[in-house]
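I opened my notebook to record what I looked up in this structure. I went entry by entry.

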Amino acid sequence: MSLMAVIKGRRGPSGFGYASTAEDVTAGLDLTGKTILITGVTSGLGKEAARVLVMRGAHVIGTGRSVEGARQTLMSFGTNTTAIACELSEPASVRAAASEIAALGRPLDAVILNAGIMALPTLQQKYGYELQFFTNHIGHFILMQGLMDALAPTARVVAVSSTAHRGAPKGGIQFDNLSGERSYRAWAAYGQAKIANLLFAKELARRFAGTGRTANSLHPGVIITNLGRHLNPVMKFGFGVASVVMCKDVHQGAATECYLAVNPGAAGINGQYFDDCNIAAPRADGTDAETARRLWDVSEEIGAKFA
Ligand SMILES: NC(=O)c1ccc[n+]([C@@H]2O[C@H](COP(=O)([O-])OP(=O)(O)OC[C@H]3O[C@@H](n4cnc5c(N)ncnc54)[C@H](OP(=O)(O)O)[C@@H]3O)[C@@H](O)[C@H]2O)c1
């Protein structure tokens, strides 16, 4: 048996593993009465997670850059859904989305912070900040700031990070280069945005400790989705080669976020990083409490500029 076959067949302590799908990790669950928010339901993993969680009976609130985009996707999964516009790189749109979601009056049992962009080949900025950091991290940070009071007592916040967080600059976050202007490399910038997702979950978990609420982060696997849309041909080739060796399909790719959001096996687990539906070790500085706290403070300052 090849090494890949062994890896793909392996299951961890959760009972799930590399090959588990979102349907597998939710099998037998009746999510009727649960409300789950997912960002980025128009494509890829968010779309699959929405499909499966609606199928299991949950009310899914799904965001897209436009309400029409989110609605078009969610409509195909049934009527137990709410579409919300949330352009993560526009703080005003994010704040409006948070207000709209809170006004629904449905306590959120889980929030899956899933939307993201990857490896922009050249530096792009919004309001002076590098765009991946601003979209993937700051957008979600502002969203969560507006949703704290809307969380159910045992709400699970699930931040979709990536193993690409390992490519973040030394120390994790270059606090003196959040504009990207001092230096910019596509994968390092993506890695920084993804380690920011991880550190955000870590600090949120610290703040949640003892409340019944939890926050965790995850790597979903390597899956061919629209995420690769910004890659140049050379990068696409590299990503393609990696994914031939280690590629999940979208059903498997959505498994870990669904596991963390609703599976009873993840209840009460707080502040961990998951891979293949099991606890895994992130890069060492991805667990640094001081960096996580500093990132939170800096994110608050950035968010306040757009209040
Ligand atoms: N696929 C992988 O191999 C992989 C590996 C590790 C981690 N991840 C992470 O998994 C998550 C989902 O990725 P995916 O593979 O499903 O990618 P995808 O197919 O490109 O889906 C990304 C989703 O995010 C939305 N989005 C992007 N920019 C946005 C913005 N500015 N405002 C609001 N929504 C925005 C997209 O909306 P539009 O459709 O309008 O663009 C889409 O709904 C991401 O956080 C990614 O970093 C993926």
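Is Glu90 buried, partly exposed or exposed? I looked it up in this predicted model. Glu90 is partly exposed, because its relative accessible area is 24%, and the buried class ends under 20%.

**Entry: the partner of Glu90.** I found a salt bridge between Glu90 and Lys126. Their closest N and O atoms are 3.1 Å apart. The pair links distant parts of the chain, 36 residues apart. Glu90 sits in the loop between strand 3 (81–85) and helix 5 (91–103). Lys126 belongs to strand 5 (residues 125–126). I checked Lys126 too: it counts as partly exposed, at 24% relative accessibility.

**Entry: other salt bridges.** How many salt bridges does the structure hold? I noted nine. Side chains of opposite charge can pair when their charged atoms come close.

I looked at Glu23 and Arg51 next. Their side chains meet in a salt bridge at 2.7 Å, N to O. Glu23 lies in helix 2 (residues 22–26) and Arg51 in helix 3 (residues 44–55), so this pair ties together parts that are 28 residues apart in sequence. Glu23 is partly exposed at 31%. Arg51 is partly exposed at 24%.

Then I turned to Arg206 and Glu203, whose salt bridge spans 2.9 Å, N to O. Both lie in helix 7 (residues 186–208), three residues apart, about one turn of the helix. Arg206 is partly exposed at 41%, whereas Glu203 is buried at 1%. I also noted a network: salt bridges that share partners join Glu23, Glu48 and Arg51.

**Entry: surface patches.** Which residues form the negative surface patch? I listed Asp288, Glu290, Asp297, Glu300 and Glu301. Asp288 is in the loop between strand 12 (278–280) and helix 11 (289–304). Asp288 is partly exposed, with a relative accessible area of 30%.

I found a nonpolar patch as well. Val244, Val245 and Met246 make it, and it covers about 270 Å². Val244 is in helix 8 (residues 233–245) and is exposed at 69%.

**Entry: a buried residue.** I picked Tyr259, in helix 10 (residues 255–262). Tyr259 counts as buried, at 3% relative accessibility. Its C-alpha atom is 9.6 Å from that of Asp276, 17 residues away along the chain.

**Entry: the whole protein.** I noted eleven helices and twelve strands. The radius of gyration is 18 Å, close to the 19 Å of the globule rule for 307 residues, so the protein is as compact as a globular protein of that length. Buried residues make up 55% of the 307.

Conventions:
Residues numbered from 1 in each chain as written. Predicted model: local features only at pLDDT ≥ 70, side-chain atom pairs only at ≥ 80, totals over all residues. Heavy atoms only, no water. Patch = residues over 30% accessible without salt bridge, like charges linked within 9 Å, V, L, I, M, F, W, Y side chains within 5 Å. Areas by Shrake-Rupley, 256 points an atom, 1.4 Å probe, with all protein chains shown as cover. Salt bridge = Lys/Arg side-chain N within 4 Å of Asp/Glu carboxyl O. Lys, Arg positive; Asp, Glu negative; His and termini not counted. Charge placed at Lys NZ, Arg CZ, Asp CG, Glu CD. Helix = DSSP H or I, 4+ residues; strand = E, 2+ residues; numbered from the N terminus. Buried < 20%, exposed > 50% of the residue type's maximum accessible area, 1.4 Å probe, protein only. Rg over C-alpha atoms; globule rule 2.2 N^0.38 Å.
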